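This report describes one protein chain, from its overall make-up down to two single residues. Please keep the sequence and the structure in view while reading.

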Amino acid sequence: MAILGVRVYEKATSVSTPNVAKVGIPFVVGTAPVQSADKPAKSNTPVLATSWDEAVEKLGFSYDWKKYTLCEFMYSHFQLFGQQPAIFCNILDPAKMKAAAEPKDYPVTNHQVVLPIDAIAASLKVTVKGDGEDAAGTTLKADEDYSVFYDRDDSDTYVCIVELLEDGAGYDASTLNIGYDAVTPETATVADVVDGVGQVDAAMTVVGTVPDLIAAPGWSHNTVVAAVMATKASAISGLFKGKAVIDADSSAEGVTEYSQLSNYKNKNSFVDVDQILCWPMVKLGDYTFHLSTQLCGLMSKVDTDNRGIPYESPSNKNLKMDACVLEDGTEVNLTWPQVEMVSGDWGVVTAVNFMDSGWVAKGNYTACFPGNTDVKDQFIPVSRMFDFIGNTLIRTFWPKQDKPLTTALRDSILQTCNIWLGGLCGSGYLYGARCALLAEENPLTNLLAGHITLHVYNAPPVPAQRIDFILEYDVSYVETALVA
């Protein structure tokens with residue numbers, strides 16, 4: 001090796017650029033009509049979608065949201081709130097969740113037959129039926145005698161359409177006998193949903209994005225599902241934190257009166273710091289949504305409006321709705337004192353139309369309130385800011401692992417962390433924050449084991465839940481006005 005001359009060497013910058021965690025990204029578990037998708041995504045696997053068109057292309061779409069629960073979320077998140085991305089986990093596997101539909105005769109109109117969207121195209125068995133037909137009794141071949149596609153019918157219902165091809169046998173048939181296999185989303189079980197929720201850990205490796213909201217509309221009122229959602233939200237991929245946005249049951253077996261909420265919440269143990277509990281459902285026109293669905297869209301929008309910092313509560317922000325309803329469609333009209341009790345005393349997020357503001361979400365508390373009143377746990381925005389700061393620190397300093405534990409490494413971490421926290425404080429996202437290395441938290445035995453602990457002090461703003469004015473009659477104004 002040459003030892004003469006002049007050389008220049010580069011040294012890594014001591015202050016790193018923070019790898020800021022993304023927020024407002026939901027991971028949604030449920031069923032979708034993937035059999036109708038143009039590019040069907042694999043079942044029980046995280047699927048990233050950054051637009052309505054991409055979601056429909058990968059998962060299909062139907063307005064039958066009781067059967068296909070993911071479609072409710074797709075419509076709300078992309079169409080109503082205009083938010084992206086979202087990660088979906090479709091638990092409907094057409095290869096397993098299916099049943100044979102009895103073959104029967106269908107009339108042909110304009111060379112087409114309309115079947116339910118549940119029909120699996122590859123399973124169709126089509127035969128020409130009818131007396132006097134030239135091709136009567138002929139079994140038709142896919143892509144030769146007929147094609148199959150999914151589209152809307154005249155009533156705006158998504159359906160499966162069998163279209164006879166002009167050059168194929170049976171083009172002029174008036175009746176077709178068709179048998180097929182149909183998907184059975186109604187056979188999905190709690191165990192299937194729990195497995196789907198577990199896939200949140202795979203999101204980082206499969207789609208390269210870590211979500212911070214977990215939702216399962218139509219399922220999250222189940223105590224087992226809600227518990228697993230909370231567990232996963234507390235340690236996504238074993239590292240990152242988020243929130244499980246869940247619903248109280250709005251059916252006849254659940255909560256039909258606001259006064260039942262406190263007992264229902266405690267009875268079902270919906271009291272986790274990583275849960276946000278919602279009630280009732282909401283309606284917009286002919287469409288009914290779980291409140292958890294719209295709350296995810298609203299939280300995403302508020303985060304986006306704040307440059308990706310989750311320091312502001314979704315409470316008192318507009319939802320996309322025109323009525324609160326129960327599952328059976330019965331309207332729920334809460335008075336302001338009732339809203340104060342639901343959201344202020346019991347820690348449940350609800351919706352209210354009051355003071356000319358239109359319909360807004362109301363509630364600043366996570367489900368742990370009122371049992372847990374630690375400021376970092378009880379408030380939705382404060383708890384989410386703690387999650388956000390923690391997730392960012394993990395992402396930023398993950399590459400520092402296994403480097404020599406030197407004063408340079410220590411100083412690099414401290415400087416990077418404090419500069420970033422200072423920026424959050426300067427922008428008003430934190431009251432104040434600092435990162436410090438404390439001797440009492442770093443005993444020699446830990447240091448010798450390669451274990452260093454840094455203490456991050458931070459104080460996110462709390463929501464202004466109550467603003468009081470004190471009115472007093474000041475008699476001095478009388479004398480000033482009348483005598484002066």
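## Overall make-up

The protein has 13 helices and 19 strands in its secondary structure. Helices (H or I, at least four residues) and strands (E, at least two) are DSSP runs, numbered from the N terminus. This is a predicted model, in which local features need pLDDT of at least 70 and side-chain atom pairs count only at pLDDT 80 or more, while totals for chains, interfaces and linings use all residues. Residues are numbered from 1 along each chain as its sequence is written, and side-chain values use heavy atoms, with hydrogens and water left out.

Taken along the principal axes, the box filled by the C-alpha atoms is roughly 100 × 95 × 45 Å. Of the 484 residues, 47% are buried; buried means under 20% relative accessible area, exposed over 50%, and partly exposed in between (1.4 Å probe, protein chains only). Among contacts with a separation of 6 or more, 70% are between residues 24 or more positions apart. Contact means heavy atoms within 4.5 Å.

## Surface and charge

The protein exposes about 23900 Å², and carbon and sulfur atoms supply 51% of this area. Accessible areas come from the Shrake-Rupley method with a 1.4 Å probe; for residues, only the protein chains shown count as cover.

There are 34 positive and 59 negative charges, and their mean positions lie 11 Å apart. Lys and Arg count as positive and Asp and Glu as negative, whereas His and the chain ends are not counted. The place of a charge is taken as NZ of Lys, CZ of Arg, CG of Asp or CD of Glu.

Strands of a sheet pair through backbone hydrogen bonds, either parallel or antiparallel. Two strands pair if DSSP finds at least two bridges between them. Axes are lines fitted to C-alpha atoms, for helices over the stretch in contact, and angles run from 0 to 180 degrees between N-to-C directions.

Four bridges join strand S1 (residues 26-30) to strand S3 (residues 86-90) in the parallel sense. Val28 has Phe88 in S3 as its bridge partner.

## The three-stranded sheet

A further open sheet has three strands in the order S14-S13-S15, and its pairing is antiparallel. Strand S14 (287-290) and strand S15 (323-325) stand at its edges. Three bridges connect strand S13 (residues 281-284) with S15, where Lys283 stands opposite Ala323.

Helix H2 (residues 69-80) packs on this sheet and touches S13 and S14, making about 100° with the direction of S14. Helix H7 lies across S13 and S14 and runs at about 80° to S14.

## Two residues

Phe388 is in helix H10 (residues 380-397). Its relative accessible area is 1%, so Phe388 is buried. Not counting residues up to four places away in sequence, Phe388 touches several residues, including Val20, Ile309 and Trp420.

Ser16 is in the segment before S1. Leaving aside neighbours within four places in sequence, Ser16 is in contact with Lys400, Ser412 and Thr416.
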